Amino acid sequence: MGYDPSTTAILLVDPYNDFLSEEGKVWPLAKQVAEEVHLLDNLRDVVASARSGGFRIFFVPHHRAEPGDIADWLHPTPLQQQSSFHQTFAKGSWGGTFHDDFQPRPGDVVVHEHWQSSGFANTDLDQQLKQHGIRSIVLIGMAANTCIEATGRYGSELGYHVTLVKDATAAFSHEAMHAAHEINGPTYAHAILTTDQLVAQLGGRK
């Protein structure tokens with residue numbers, strides 16, 4: 001299929017320094033897989049091609065941790081507890097800032113932060129997509145088996161056409177990547193592409 005820039009958006013999920021930069025808190029966990037798939041180069045390629053082709057980019061950020069922000073919660077998940085303990089993506093910190101190569105530009109949309117994994121749950125993502133006439137979403141960013149998968153699943157439930165880009169994301173293990181793209185992805189995604197395949201359908205490299 002081809003992608004129409006008037007109805008297709010790129011969802012760039014959690015492009016934080018803690019995930020994508022060498023000194024980031026979480027980078028060591030993702031580094032092996034990320035480097036094997038050339039994550040950063042592919043993210044740059046997709047974003048550049050999307051911008052050249054007139055596709056809108058939606059930044060889909062995770063909650064930025066603050067001390068004590070879930071201390072009184074009844075049912076914080078293990079992931080939320082770990083993030084709170086380590087202050088992953090801490091508010092006001094370098095790690096909680098978007099990577100220098102992935103900064104919002106005029107015309108981009110930065111949606112409300114999600115607390116767990118889905119970029120749709122308890123945010124304005126669905127509202128923003130609908131108000132911009134978007135019917136097809138392309139997911140890139142971090143991490144393949146958590147926020148990318150949860151956002152894609154939720155998006156398919158809401159009726160969006162969902163595309164996963166399997167080398168423009170990473171995970172903390174090869175097993176997690178395999179599950180995300182070979183086992184779980186085909187149950188909800190309408191297309192699972194490589195960066196090269198996607199870029200060709202966005203209009204090619206300029």
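Before any volumes, I noted the rule: on a 1 Å grid over the protein atoms alone, a cavity is a set of points where a 1.4 Å probe fits but cannot get out, while a pocket is an open set with protein on both sides within 12 Å along at least five of seven lines; lining residues have an atom within 4 Å of a point. Grid points are joined across faces, edges and corners, and a volume is the space filled by probe spheres set on the points.

I also noted that this is a predicted model, where local features need pLDDT of at least 70 and side-chain atom pairs count only at pLDDT 80 or more, while totals for chains, interfaces and linings use all residues. Residues are numbered from 1 along each chain as its sequence is written, and side-chain values use heavy atoms, with hydrogens and water left out.

**Cavity.** How many cavities of 30 Å³ or more are there? I get one. The largest cavity holds about 90 Å³ of space. Its lining includes H62, H63, D69, S83 and W115. I sorted that lining into four nonpolar, six polar and one charged, counting Ala, Val, Leu, Ile, Met, Phe, Trp, Tyr, Cys and Pro as nonpolar, Asp, Glu, Lys and Arg as charged, and the others, Gly among them, as polar.

The largest pocket has about 420 Å³ of space. Of its 18 lining residues, V26, L79, Q82, S83 and F172 are the closest to the centre. Which helix gives the most to this lining? Helix 4 does, with four residues; helix 6 (144–157) also supplies at least two, and helix 4 spans 78–86. Helices (H or I, at least four residues) and strands (E, at least two) are DSSP runs, numbered from the N terminus. The pocket lining comes out as nine nonpolar, seven polar and two charged residues.

I found an open sheet of six strands in the order 3-2-1-4-5-6, with parallel pairing; two strands pair if DSSP finds at least two bridges between them. Strand 3 (109–110) and strand 6 (191–193) are the edges, each pairing on one side only. Strand 2 (residues 56–60) is joined to strand 3 by two bridges, and F59 has V110 as its bridge partner there. Helix 7 (residues 174–184) packs on the sheet, touching strand 5 and strand 6, at about 155° to strand 5. Contact means heavy atoms within 4.5 Å; axes are lines fitted to C-alpha atoms, for helices over the stretch in contact, and angles run from 0 to 180 degrees between N-to-C directions.

**Salt bridges.** I count eight, each a side-chain nitrogen of Lys or Arg within 4 Å of a carboxyl oxygen of Asp or Glu. I looked at R44 with D41, where the closest N and O atoms are 3.0 Å apart. The two are separated by about one helical turn because they sit three residues apart in helix 3.

The peptide bond from M142 to A143 is cis, with omega near -20°. A143 is in the loop between strand 4 and helix 6. H38 has a positive phi, near 60°, and is found in the loop between helix 2 (27–36) and helix 3. I flagged these since most residues other than glycine have a negative phi, and most peptide bonds are trans.
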